[in-house]
Amino acid sequence: MGEALLMYLKVILVGGSICMIAQLIVIKTKITPARILVIFLMVGAILGGFGLYNYVVEWAGAGATLPILGFGNSLANGAITAVKTDGLFGALSGGLIAASAGVAVSIGLSYLISFFVSSRTKKD
Amino acid sequence: MDKQARNEKYLAYVEKKSPKAGWFTSLFHAFVMGATICCLGQMFSDIIKSFYPMMDLLTLGAWINIIVIALTILLTAFGCFDRLAKYGGAGTFIPISGFANSIASCAIEFKKEGLVFGVGAKMFYVAGPVLVNGVAYSLIVGIVYFIISLF
């Protein structure tokens, strides 16, 4: 039980801190959210490329995989593992394969709901 | 009125209209929202792990992402995600939920422009840069790693 509680503390610490840093950048520099997403993705891909981010994932679980850093890491990681099995073809296909499930679900489900939901004007 | 005076007036207007919640509060909100989403993900991961103890970390991570993405898109469809995003700021868009919400909300928003150039094209208005950059980085990492592995 104590171990599980400690894990959740790590998740809160890492996940919360990453979001807080992003918020600090938003406040201080007025960089648009889309740019910050790309910057964080790049940082994740770089850390993943050097194999450093996997240590964070092992330490903090979902606190490290859920932020967009984890997305960049899984892209880089996918490419690296695919190179080990498929060589050059793996280098080309690995990243997209690693990201495919999440991206496909995002696109498919969004497409589906766009049939049922229409935009409405915001009340506030 | 010349251009500069107008610009200054507009900037003052923007300053007046932009949210005034002190930056310490908004940092705290971002921390809370980010931590909550990540805890939710960790909870799902623990649940999945209790059913499939053999699942490896990568697949598990992908499943958590899928669950959070699906939940986010459903919340967006019901129109509740806006309020969360307003509260959480970066806490809602830095986790994968921001990526999913940007796709879903653009799909809904541009529905009236048709299925091909509305939903199909504008869906990626925010998510497109993320995908393009992500795929490009993964290619770079893969090719560099391949070249290194040759020696």
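Predicted model: local features only at pLDDT ≥ 70, side-chain atom pairs only at ≥ 80, totals over all residues.
In what order do the elements of chain B run from the N terminus on? The elements follow the pattern α-α-α-α-α-α-α-α, and the secondary structure of chain B comes to eight helices and zero strands. Here helices (H or I, at least four residues) and strands (E, at least two) are DSSP runs, numbered from the N terminus. The radius of gyration of chain B is 20 Å, well over the 15 Å that the globule rule gives for 151 residues, so chain B is more spread out than a compact globule. For reference, the radius of gyration is taken over C-alpha atoms, and the globule rule is 2.2 Å times the number of residues to the power 0.38.

Residues are numbered from 1 along each chain as its sequence is written, and chains are lettered from A and ligands numbered from 1 in the order in which they are written. The predictor gives the complex an ipTM of 0.88 and a pTM of 0.85. In chain B the pLDDT (the predictor's confidence in each residue, from 0 to 100) averages 86, and 96% of the residues score at least 70. Among the elements of chain B, the highest mean pLDDT, 91, belongs to helix 8, and the lowest, 81, to helix 1 (residues 3-17).

Chain A can be described in the same terms. Its secondary structure comes to six helices and zero strands, read along the sequence as α-α-α-α-α-α. With a radius of gyration of 17 Å, well over the 14 Å that the globule rule gives for 124 residues, chain A is more spread out than a compact globule. Its C-alpha trace spans about 55 × 40 × 35 Å along the principal axes, whereas the C-alpha atoms of chain B fill a box of roughly 70 × 40 × 40 Å. A residue is called buried if 20 or more other C-beta atoms lie within 10 Å of its own, exposed if 12 or fewer, and partly exposed in between, with C-beta atoms placed from the backbone. On this basis 47% of the 124 residues of chain A count as buried, and 40% of the 151 residues of chain B do. Two residues are in contact if their C-beta atoms, placed from the backbone, lie within 7 Å. Among contacts in chain A between residues at least 6 apart in sequence, 58% join residues at least 24 apart; for chain B, residues 24 or more positions apart account for 57% of the contacts with a separation of 6 or more.

The domain assignment of chain B, where bounds come from an automatic or database assignment, gives domain 1 (3-95) and domain 2 (110-151). The C-alpha centres of these two domains lie 21 Å apart. With 13 C-beta neighbours inside 10 Å, B:Leu115 counts as partly exposed. B:Leu115 and B:Ile69 are 46 residues apart in sequence and 22 Å apart in space, C-alpha to C-alpha. B:Ala121 also has its place in helix 7 of chain B and is partly exposed, with 15 other C-beta atoms within 10 Å.

We turn next to where the chains meet. The contact takes 65 residues from chain A and 59 residues from chain B. On the chain B side, helix 2 (23-51), helix 3 (57-78), helix 5 (90-93), helix 6 (96-109) and helix 8 (127-150) each supply at least two residues. Helix 8 gives the most, with 15 residues. By class, the side of chain B that touches chain A has 42 nonpolar, 15 polar and two charged residues. In this scheme Ala, Val, Leu, Ile, Met, Phe, Trp, Tyr, Cys and Pro count as nonpolar, Asp, Glu, Lys and Arg as charged, and the others, Gly among them, as polar.

A nonpolar core is a set of buried Ala, Val, Leu, Ile, Met, Phe, Trp, Tyr and Cys residues joined through C-beta atoms within 7 Å. Of the 73 residues in the largest such core, A:Cys19, A:Ile68 and A:Ala79 touch the most other members. Domain 1 and domain 2 of chain B both give residues to this core, so the core lies between them. Not counting residues up to four places away in sequence, A:Ala79 touches A:Ala91, A:Gly94 and A:Gly95, together with B:Ser138, B:Val141, B:Gly142 and B:Tyr145. A:Ala99, in helix 6 (residues 88-116) of chain A, is buried, with 21 other C-beta atoms within 10 Å. With the same exclusion, A:Ala99 touches A:Phe71, A:Ser74, A:Leu75, A:Gly78 and B:Gly134.
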